[in-house]
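Work through the exercises below with the model open. Try each task before reading its solution.

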Amino acid sequence: MLGFHVHSPVAHFARETPDHPAFSFAGEEMTYAELDAASNRLANALVERGIRGQDRVGIFLRKGLDLGVAIYGVLKAGGAFVPLDPFLPTERLELILDDCGIRHVVSSDTMAAALGALRPGRELTVFGVSGGEGAPFEAVPWDAVRAQPQAPPDVRILDLDLAYIMYTSGATGVPKGMMHCHRGSLAYARWGAQHVGLGAGDRVASHAPLHFDLSIFDFFSTSQVGGTVVLVPEPVTKFPASWTQTLEDERLSVV
C-alpha cells in the first residue's frame with residue numbers, strides 16, 4: 001500500500017527504487033531519491049514561512065525539473081497547489097491569486113519579470129526567486145530552500161484535505177476553481193494507472209500544461225507505479241517534426 005495521499009508514492013519509491021528516474025526533461029533526469037529530498041526541503045521551507053493545512057500555494061513555473069519539486073513540496077507541507085498559467089494575462093493571474101487567497105508562490109528567476117508585474121490584494125512570499133531591490137514580494141531563493149532539512153515536515157494531512165485547485169478557462173465568464181481532495185485524486189490516479197496498464201518501466205509524456213487537468217494523469221498515475229514522467233517542452237508540442245524526435249530521444253512509451 002503506497003499511502004493515502006497523492007504524494008505518498010514519492011517517499012515509497014525513494015526507498016524501493018531510489019535511483020530510478022522520476023522525471024526527465026531536456027536530457028536531464030531527477031531520481032525518486034532526489035525528488036523526495038528536494039520536495040521535503042521545499043515543504044520544510046513552506047512550513048517555516050507559515051503554511052498551514054490546506055493553504056493554497058501558487059505554482060508559477062514553466063516545464064522543468066523544478067515543477068515536480070514544487071508539486072510534491074506543496075503537498076508534503078499540507079498545502080494545496082494552484083497552477084498559474086505563465087501565459088495568462090496579468091489581470092487573470094491576479095484574479096486567481098485573490099480568489100484563492102494565495103500568499104505563497106513557487107516560481108523561478110526566469111519568471112521574475114512577470115511576478116514583478118503582479119499586484120494582488122495581499123503580500124506574496126515567492127520561493128525559488130532571488131528577488132532584488134524593489135521587488136514587490138518577499139523572495140526565498142532556491143539556495144535557502146536547499147538549506148532546509150531533508151526529512152519531511154511533521155504535518156497531519158487527512159485524505160479529505162484539499163490537494164489542488166484547477167481553474168476553468170473562464171470562456172463563459174469568470175474562471176472557477178475546481179477543488180480536488182487527496183482521496184478523489186488518488187482514486188483517479190490509481191484508476192488511470194490500471195486502465196492504461198502502467199508499469200515502472202514506462203516513460204510517460206507530460207505534454208499538457210500543469211493547469212490543464214490531463215496533467216494530473218501524467219504526474220500522479222505515473223508515480224503510482226514508480227514510472228518516469230517525461231516533461232515535454234512547450235515549443236516541442238507545437239511542431240510535429242520536433243515532437244516525433246522527442247518521442248524517439250526520450251523513449252516514450254505512453255502519450
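## Exercises on a predicted model

**Exercise 1.** Place Asp218 in the fold and find its side-chain partners.

*Solution.* The model is predicted. Start with the secondary structure: Asp218 sits in helix 8, residues 214–224. Next, look for a polar partner. The side chain of Ser206 makes a polar contact of 3.3 Å with that of Asp218. Then test for a salt bridge. The cut-off is 4 Å. Lys63 is the nearest side chain of opposite charge, at 6.6 Å, so buried Asp218 has no salt bridge. Finally, list contacts beyond four places in sequence: among them are Val204, Ala205, His207 and Val229.

**Exercise 2.** Is Arg203 buried or exposed?

*Solution.* First locate Arg203: it belongs to strand 10, residues 203–206. Now apply the cut-off: buried means under 20% relative accessible area. Arg203 has 7%, so it is buried. Its side chain has a polar contact with the side chain of Glu29, at 3.3 Å. Contacts beyond four places in sequence include Pro21, Ser24, Thr228, Glu250 and Val254.

**Exercise 3.** Which radius of gyration would a compact globule of 255 residues have, and what does the chain have?

*Solution.* A compact globule would come near 18 Å. The chain has 17 Å, so the two agree. Then check burial: 51% of the 255 residues are buried. Last, take contacts between residues at least 6 apart in sequence: 64% join residues at least 24 apart.

Terms used
Residues are numbered from 1 along each chain as its sequence is written. This is a predicted model: local features need pLDDT of at least 70, side-chain atom pairs count only at pLDDT 80 or more; totals for chains, interfaces and linings use all residues. Side-chain values use heavy atoms; hydrogens and water are left out. Helices (H or I, at least four residues) and strands (E, at least two) are DSSP runs, numbered from the N terminus. Buried means under 20% relative accessible area, exposed over 50%, partly exposed in between (1.4 Å probe, protein chains only). A polar contact is a pair of N or O atoms within 3.5 Å; within protein, one must be able to donate a hydrogen and the other to accept it, and residues adjacent in sequence count only if both atoms are side-chain atoms. Contact means heavy atoms within 4.5 Å. Lys and Arg count as positive and Asp and Glu as negative; His and the chain ends are not counted. The radius of gyration is taken over C-alpha atoms; the globule rule is 2.2 Å times the number of residues to the power 0.38.
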